[in-house]
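Below are some notes for a colleague going through this entry.

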Amino acid sequence: MFNIFRKNLTVKRKTAGSYVNGFWVAGTDTTITIKASVQPLSGKDIELLPEGKRLAGGYKLFTNDTLKVAIEGTGQDGDIVSIYGFDYEVVGQEIWANNLINHNVYLVSKVQQ
C-alpha cells in the first residue's frame with residue numbers, strides 16, 4: 001500500500017571477513033536494492049545519532065527490508081545506502097511491529113570523505 005511513496009535505493013553491504021590458513025581475509029562488498037521512503041530527520045532524530053555523526057546530516061528511511069546497523073566499538077559496519085548521489089551509513093534502527101503496517105525505520109548518517 002505504501003510502496004507508492006517508496007523509491008529504489010542501492011545498498012552496499014560488506015560480508016563478514018574470516019581467517020583463512022591463519023590470515024585475515026576481509027569481507028567482500030555486495031550490492032542489493034531496497035524500496036524505502038526517504039524523509040528528513042527531525043531535531044529529535046538528530047539527537048539519536050551517535051556522537052560525531054550529528055553534524056554530517058542524514059535521513060530517516062521507512063522500509064519493509066532489513067538493513068545492517070553499525071554498532072560502535074564492535075567493528076560491525078552498517079550498510080551504506082546511496083541517496084541523492086551521496087553515501088549514508090545505517091546507524092540506528094526502530095522496528096515498528098504494530099500488526100497494522102509492520103516496517104523498519106532506519107537512521108542514516110552521511111559518510112564523511
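**Salt bridges and strand pairing**

1. Asp79 is buried, at a relative accessible area of 1%. The model is a predicted one, and the points below should be read accordingly.

2. Asp79 meets the side chain of Arg13 in a salt bridge, 2.6 Å from N to O. This pair links distant parts of the chain: Arg13 belongs to strand β1, Asp79 to the loop between β5 and β6 (80-83), and they are 66 residues apart. Arg13 has 23% relative accessibility and so counts as partly exposed, because the buried class requires a value under 20%.

3. The search of the whole structure gives three salt bridges. Another of them joins Lys12 to Asp87, with the closest N and O atoms 3.3 Å apart. Here strand β1 (residues 7-14) supplies Lys12 and strand β7 (residues 86-96) supplies Asp87, 75 residues apart. Both partners are partly exposed, Lys12 at 35% relative accessibility and Asp87 at 25%.

4. Lys14 forms a salt bridge with Asp29, again with 3.3 Å between the closest N and O atoms. Lys14 lies in strand β1 and Asp29 in strand β4, 15 residues apart. Lys14 is partly exposed at 36%, whereas Asp29, at 51% relative accessibility, counts as exposed.

5. Strand β4 (residues 29-40) runs antiparallel to strand β5 (residues 58-63), and five bridges join them. Within this pairing, Ser37 has Phe62 of β5 as its bridge partner.

6. β5 also pairs with strand β8 (residues 103-110), in the antiparallel sense and over six bridges. Lys60 stands opposite Leu107 in β8.

Methods: Residues numbered from 1 in each chain as written. Predicted model: local features only at pLDDT ≥ 70, side-chain atom pairs only at ≥ 80, totals over all residues. Heavy atoms only, no water. Pairing = 2+ DSSP bridges. Helix = DSSP H or I, 4+ residues; strand = E, 2+ residues; numbered from the N terminus. Salt bridge = Lys/Arg side-chain N within 4 Å of Asp/Glu carboxyl O. Buried < 20%, exposed > 50% of the residue type's maximum accessible area, 1.4 Å probe, protein only.
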